[in-house]
Amino acid sequence: MNRKGLDERTHVWLCMQLKPDRVPVRLVSACVVDSGSRCGLHCPFCPTGNGSLTLSRQFMSERRFVGILGRLPALQAMTLYQWGEPLLNADIHGMIAAAARRDVEVTISTHLSLASFDEAAARRLVTSGLARLIVSCDGASQRTYGLYRVGGNFQLVMRNLATLVAARSALGSSGPRIDWQFLVHRGNQHEMALALRKARRLGVGIVFEKLGIPPESQERWSPDPAVLQKIPLQNRYSPRRAWPRRTDKWPTLCLQAWSAPVIRPDGAVLPCCVVSSSRYKLGNILKEPFGKIWNKPLIVAMRRYLKTGARPGLDLPCLDCPHDPNSPDRGQ
């Protein structure tokens, strides 16, 4: 409980109600920059993996990335990935280093099922200035892991993860922080405890999150709620902590429309990291001021919806999102 007698989740929710519909650009302290939407896996709910992505799949260059950084003077943290595998971008280490020189904390997420990843690659990643590495691995065996990470190799991921931990130790580095991310679904829920033990043996953290599942696939993929109660879940779309379970009184929180713009490799700005369609583009940060882009009618309407649940006369990406905080059937 905080000093006012409110639990922390309730306190944040009340603070969200006070957030403005239009925000000053300097309030944006974090963002998502997509380093490129290419990947060798075929995860069924990922727009890159299933082929439904309508956005550009090009890689971002280090030169363009530096130009974008210059347009975000208040930036403090970023995730340098969205719909692809960032370690496939040859410029990724230079991009991380450029951000680190600006004191911008960088997180990337990788499936790490990469045959080319070796000790040299591990050392280069450790010394790049990366703050946090998320390794997406949804299972503790090949059979279970492969249900969602189609085309991935579980043993290769484990080998590469061990190589990375060893390189960090050999270099005497405290970073990057390494977290195994386990997206929970019906087919892998029985291996959560085993994954936890494996993570401890490897010397890495582990984060359990419920897989984002489209409505039409809920029956097949949704995990057993009783199983989920055994290990606290985190929600990447809410502040970074394991919140209490959703209640009827307090909805799931989503703050991306205020503080987490998504910038594509071509400079296009999207309102949140779930959007995979070009119809929700707000503008291009290389062509107009970010402050103007971040207060376009679409994003303002999203903020109002997220606070009040009132639907405007606009097509909002929130309404098709599996994490819609105002839907009784989602985000639980």
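Q: Is D103 buried or exposed in this model?
A: D103 is exposed, with a relative accessible area of 69%. Keep in mind that this is a predicted model.

Q: Where does D103 lie?
A: D103 sits in a loop. That loop runs between helix 3 (92-101) and strand 3 (105-110).

Q: And what is its phi?
A: The phi of D103 is positive, about 60°, although D103 is not a glycine. Most residues other than glycine have a negative phi.

Q: What about L112, what phi does it have?
A: L112 has a positive phi of about 60° too, and L112 is not a glycine.

Q: Where is L112, then?
A: L112 is in the loop between strand 3 and helix 4 (119-126).

Q: Buried or exposed, that L112?
A: L112 is buried, with a relative accessible area of 0%.

Q: Switching to peptide bonds. What is the bond from G175 to P176, cis or trans?
A: The bond from G175 to P176 is cis, and omega is near 0°. Most peptide bonds are trans.

Q: Where would I look for P176?
A: Look in the loop between helix 6 (154-170) and strand 5 (177-184).

Q: Now cysteines. How many disulfides are there?
A: The count is zero disulfides.

Q: Why is C39 in no disulfide?
A: The nearest cysteine sulfur belongs to C43, and it is 6.2 Å away.

Q: New topic: cavities. How many of 30 Å³ or more does the structure hold?
A: The structure holds two. The largest cavity has about 110 Å³ of space.

Q: Which residues lie nearest the centre of the largest cavity?
A: Those are C254, C272, M302, C318 and C321. The lining has 13 residues.

Q: What kinds of residue make up that lining?
A: Ten are nonpolar, two are polar and one is charged.

Q: Which helices each supply at least two lining residues?
A: Helix 10 (256-259) and helix 12 (297-308) do.

Q: Zooming out, how many helices and strands does the protein have?
A: The protein has twelve helices and nine strands.

Q: How much of the protein counts as buried?
A: Of its 332 residues, 52% count as buried. The protein exposes about 15300 Å², and carbon and sulfur atoms supply 51% of that area.

Note on methods: Residues numbered from 1 in each chain as written. Predicted model: local features only at pLDDT ≥ 70, side-chain atom pairs only at ≥ 80, totals over all residues. Heavy atoms only, no water. Disulfide = S-S within 2.5 Å. Helix = DSSP H or I, 4+ residues; strand = E, 2+ residues; numbered from the N terminus. Buried < 20%, exposed > 50% of the residue type's maximum accessible area, 1.4 Å probe, protein only. Areas by Shrake-Rupley, 256 points an atom, 1.4 Å probe, with all protein chains shown as cover. 1 Å grid on protein atoms, 1.4 Å probe; cavity = no way out; pocket = protein on both sides within 12 Å on 5 of 7 lines; lining within 4 Å. Points joined across faces, edges and corners; volume = space filled by probe spheres on them. Nonpolar A, V, L, I, M, F, W, Y, C, P; charged D, E, K, R; others polar.
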